[in-house]
Amino acid sequence: MTERLVLGIETSCDDTAAAVLRGDTVLSSVISSQLDVHDRFGGVVPELASRAHVEAIASVVERALRDAHLDPTNPGLDLVAATHGPGLVGSLLVGLSFGKAAARRWDVPFVGVNHLAAHLVAPILEGAEERYPKVVLLVSGGHTELVLVKSRSNFEVLGATIDDAAGEAFDKVARFLGLGYPGGPGIDRMAKLGNPEAFAFPRALKDVPFDFSFSGLKTSVLRAVELNPAAKTEDLCASFQRAVTDVLVQKTMAAVVATGAKAVALAGGVAANSELRARLQAACVEQHVALALAGPDFCTDNAAMVALAGSIAYDNAGAHPFTLAPEPSLSLKD
Ligand code: KG4
Ligand code: ZN
């Protein structure tokens, strides 16, 4: 039997993305970034994001089909999957409506995908051996969650942030330090040049095993600059990043011990952080557990993960009706 041919569409935030998968194999993955649209505002402007998705979606999908060597007018797909939440409602509507229309046009089933569940399966796209149970640290601009993944389709949320997401903390601190948007890559670069012990920023919720809090840390960085206007940006970045990665690594490894997990995976945009990757790698070697690190292309928002999550969801529960609406606040518990 030939493996399922799936088109995935992702428009939950500021990237318009489409991808084609044959089984677990990525045949194409196209991402059109809106960075230049939002850059000067220091964050994503929802109305501009929706307009940019409308402009880009048809050509991004066509390119994904062509890159996969399919005929864009009659691609022979088995399934269309599009993110239906969480995210910005105007952005979600574009990909969701386009995906449904495509499925209708080609008379194939349609599934809506939970963007967070898609991040959880992204490490599979790297082709690494799948080991369960595994602890997945999902750290993005909107979410910070520690999840026990028991199989491709069965997971349990162990803990989450009670305020800002890790990526949001990177973005807010970067904006304050004038490092542009998104802030993670700029802080990551600067931190390499600074002293991570220059400032003793707080590590919050030490006694709560799997929950996180980053808003106090962000405030501490602002206060440090007020008290010490000559502080070097490199030192602030290095100390901030050390505080974030300390907490993320310590809680992830505590979850491994508590659950007896055989593997760890990193997902979401913050998984691109070089210090987080290196420190988690070292901790996993020490604890003798496997570590699956998605490459930067599959850590950040992409449609290949949406196609894979869609295929898994279809195996479990079949197609969604064409009445499926966007769910801006969808969580992993839904
Ligand atoms: O998963 P993602 O692409 O979009 C969301 O669904 O949020 O994650 C984007 C987030 C942003 O907050 C960005 O600053 C952060 O990922 N990020 C990083 C790095 N690259 C991206 N954070 C820390 N270090 C990085 N190298
Ligand atoms: Zn994301």
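Where does His69 lie? In this predicted model, His69 is found in the loop between helix H2 (46–67) and strand E4 (79–85); helices (H or I, at least four residues) and strands (E, at least two) are DSSP runs, numbered from the N terminus. Residues are numbered from 1 along each chain as its sequence is written, while chains are lettered from A and ligands numbered from 1 in the order in which they are written. As the model is predicted, local features need pLDDT of at least 70 and side-chain atom pairs count only at pLDDT 80 or more, whereas totals for chains, interfaces and linings use all residues, and side-chain values use heavy atoms, with hydrogens and water left out.

Most residues other than glycine have a negative phi, and most peptide bonds are trans. His69 is not a glycine, yet its phi is positive, at about 60°. The peptide bond from Tyr132 to Pro133 is cis, with omega near -5°, and Pro133 belongs to the loop between H4 and strand E6 (134–139). Tyr181 and Pro182 are likewise joined by a cis peptide bond, with omega of about -10°; here Pro182 is in the loop between H5 and H6.

Next comes the largest pocket. On a 1 Å grid over the protein atoms alone, a pocket is an open set of points with protein on both sides within 12 Å along at least five of seven lines, a cavity is a set of points where a 1.4 Å probe fits but cannot get out, and lining residues have an atom within 4 Å of a point. Grid points are joined across faces, edges and corners, and a volume is the space filled by probe spheres set on the points. The largest pocket has a volume of about 1,200 Å³. Its lining holds 41 residues, and Asp14, Gly141, Asp171, Tyr181 and Asp301 are the closest to its centre. Strand E3 (25–33), H4, H5 and H6 each give two or more residues to this lining, with H5 giving the most, six residues. By class (Ala, Val, Leu, Ile, Met, Phe, Trp, Tyr, Cys and Pro count as nonpolar, Asp, Glu, Lys and Arg as charged, and the others, Gly among them, as polar), the pocket lining has 14 nonpolar, 16 polar and eleven charged residues.

Ligand 1 sits in the largest pocket, meaning that more than half of its atoms lie within 2 Å of the pocket's grid points. Helix H4 (115–121), helix H5 (166–176) and helix H6 (183–191) are the elements that give two or more residues to the shell around ligand 1, and H6 gives the most, with four. A residue is near the ligand if one of its heavy atoms lies within 4 Å of it; of the 20 residues around ligand 1, Gly141, Asp171, Gly184, Asp188 and Asn273 come nearest. The shell has five nonpolar, twelve polar and three charged residues.

A polar side-chain atom of His115 is 3.4 Å from an oxygen atom of ligand 1, and a backbone N or O atom of Gly167 is 3.2 Å from an oxygen atom of the ligand.

Finally, there is one cavity of 30 Å³ or more. The largest cavity holds about 30 Å³ of space, and residues including Pro202, Arg203, Phe214 and Val247 line it.

Note on methods. Polar contact = N/O pair within 3.5 Å; in protein donor to acceptor, adjacent residues only side chain to side chain.
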